[in-house]
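This report looks at an annotated site and at the surroundings of two of its residues. Please keep the sequence and the structure in view while reading.

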Protein chains: 2
Amino acid sequence: MEISVIKIGGNVIDHPEKSTRFLKLFAKFPGTKILVHGGGVLASRIGTSLGITPNMHHGRRITDKETLDVVTMVYAGLINKNLVASLQAFGQNAIGLTGADGNAIKSIKRPAGEVDYGFVGDVESVNTGLLETLLKQNIAPVFCAITHDRKGQLLNTNADTIASEIATALAKKHQVKLYFCFDKTGVLMDAENEASLIPLINEDIYKELIKDKIIHSGMIPKLENAFNAINKGVNHVWMGLPENLLLASRGKNAGTIIESLKYDLY
Amino acid sequence: MEISVIKIGGNVIDHPEKSTRFLKLFAKFPGTKILVHGGGVLASRIGTSLGITPNMHHGRRITDKETLDVVTMVYAGLINKNLVASLQAFGQNAIGLTGADGNAIKSIKRPAGEVDYGFVGDVESVNTGLLETLLKQNIAPVFCAITHDRKGQLLNTNADTIASEIATALAKKHQVKLYFCFDKTGVLMDAENEASLIPLINEDIYKELIKDKIIHSGMIPKLENAFNAINKGVNHVWMGLPENLLLASRGKNAGTIIESLKYDLY
């Protein structure tokens with residue numbers, strides 16, 4: 001099977017117009033596809049209304065019991081189900097999932113180190129059989145960033161990581177393309193200048209860019225997830241604006257392509 | 001296929017110990033099964049924390065846009081996903097669904113009459129194909145009381161009605177038993193006296209009980225859903241305590257059995 005895994009973040013979720021435009025595009029996107037979504041901004045807003053102040057550490061959410069309840073409500077309920085209902089309206093059959101549903105993604109609670117992230121899970125395994133069953137019936141799985149430990153505990157998990165792990169697991173048997181949509185044209189030399197796009201990154205370039213502090217903070221885990229995927233057999237990894245997805249899928253230059261270092265050895 | 005549809009309400013959901021006991025029982029319950037759950041009390045509590053006061057009319061929730069967001073968060077997110085994670089821990093593969101997921105249940109927004117219930121949906125159709133696919137793989141569908149209109153709108157729908165409509169739709173091709181769990185031993189002659197159980201009700205008895213005001217308020221729509229199911233081909237309809245489910249499934253007298261009037265004609 002040829003499968004596209006597409007990840008969208010808060011910049012799409014939080015804007016009704018952008019969200020509608022993206023979902024129409026996703027519904028028309030050729031081939032079998034999986035959507036993975038974030039939603040941290042809305043979770044922070046609703047949490048704050050409930051008197052639960054967001055507690056972030058290096059851009060990652062510290063997830064105590066109350067915060068876990070909030071992200072479960074917002075990601076798996078409010079956002080996920082509205083995305084699914086919209087996709088149905090646009091003619092794309094879809095099913096909203098957490099990692100607990102059909103045991104789709106099992107994770108392990110991150111041990112407390114220097115920082116105790118609380119109810120945060122690192123992915124252990126992806127149930128590709130369930131995904132294949134759905135994809136064969138042209139039902140697009142729509143994943144929010146909640147997983148479980150198979151012992152009854154839900155766990156908050158980074159959405160980029162979920163996208164990367166799903167793509168990697170499926171790549172063992174299928175041709176998989178992974179698209180990370182975010183609020184930039186791609187990886188930029190200068191974050192303030194959209195014209196400074198870097199069209200292709202491999203690990204050599206990546207290391208240089210980190211050394212030169214061109215890539216920093218939130219872009220580092222995002223690129224780590226991208227390299228994880230390309231190094232573990234995902235056929236194509238792309239980062240860019242959601243509105244450039246179709247161009248990117250047609251091989252046009254409209255974002256940053258992540259290449260395995262191995263590729264350079266040939 | 002022999003399918004059991006089991007509905008649980010807030011009296012189970014709201015008590016961690018009762019909930020755990022029930023979910024262990026559900027995991028062991030013989031045969032293929034579907035769970036339908038409510039959760040209105042928790043939705044009211046979280047809505048109130050968010051400054052959204054519950055607005056009820058004859059025991060039914062008036063669902064404005066903000067209330068719809070709350071019930072979507074609480075039913076489809078918080079409650080549904082925790083139930084699914086617990087079932088996974090108890091060895092029962094399960095998948096949490098709204099009517100939007102896989103287009104499982106399509107409903108139509110109730111037209112404003114004397115009362116405008118807002119974003120409330122009356123069930124139009126159930127996608128039995130999706131349910132059969134899941135049940136054949138021993139995945140128990142777990143439904144919350146949210147449906148969609150297939151035009152992108154989520155709709156709040158009575159959980160008893162969802163259970164009844166799922167059972168009715170599946171009964172066209174399968175042997176279906178429908179179990180309504182609630183906080184009484186069954187239908188009672190005297191609501192304050194658990195010993196006054198009515199072990200069997202048909203429509204003749206039902207009309208008498210309404211006339212005598214023994215059945216009133218919330219029990220009326222519940223029994224209407226029960227009769228709807230039994231009159232449309234569901235093989236067995238039962239009402240009682242969740243802890244009596246196993247007894248009931250073995251044909252023991254432990255609750256109220258609903259019989260079709262038609263049955264009496266033979």
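## A glycine in a loop

In this predicted model, A:Gly39 lies in the loop of chain A that runs between strand E2 (32–37) and helix H3 (40–49). Its relative accessible area is 3%, and A:Gly39 is therefore classed as buried, the cut-off being under 20%. When neighbours within four places in sequence are set aside, A:Gly39 has contacts with A:Val74, A:Tyr75 and A:Ile79.

## The annotated binding site

An unreviewed UniProt entry lists A:Gly39 under "binding site", together with A:Gly40, A:Arg61 and A:Asn156. These positions are spread over 118 residues of sequence, yet they cluster in space, with a largest C-alpha distance of 11.9 Å. From this set, A:Gly39, A:Gly40, A:Arg61 and A:Asn156 are part of the lining of the largest pocket.

## An asparagine in a strand

A:Asn156 belongs to strand E10 of chain A, which covers residues 154–156. With a relative accessibility of 8%, A:Asn156 counts as buried, because this value falls under the 20% cut-off.

Key. Residues numbered from 1 in each chain as written. Chains lettered and ligands numbered in written order. Predicted model: local features only at pLDDT ≥ 70, side-chain atom pairs only at ≥ 80, totals over all residues. Heavy atoms only, no water. UniProt positions renumbered as here; feature names shortened; annotations may be inferred. 1 Å grid on protein atoms, 1.4 Å probe; cavity = no way out; pocket = protein on both sides within 12 Å on 5 of 7 lines; lining within 4 Å. Helix = DSSP H or I, 4+ residues; strand = E, 2+ residues; numbered from the N terminus. Buried < 20%, exposed > 50% of the residue type's maximum accessible area, 1.4 Å probe, protein only. Contact = heavy atoms within 4.5 Å.
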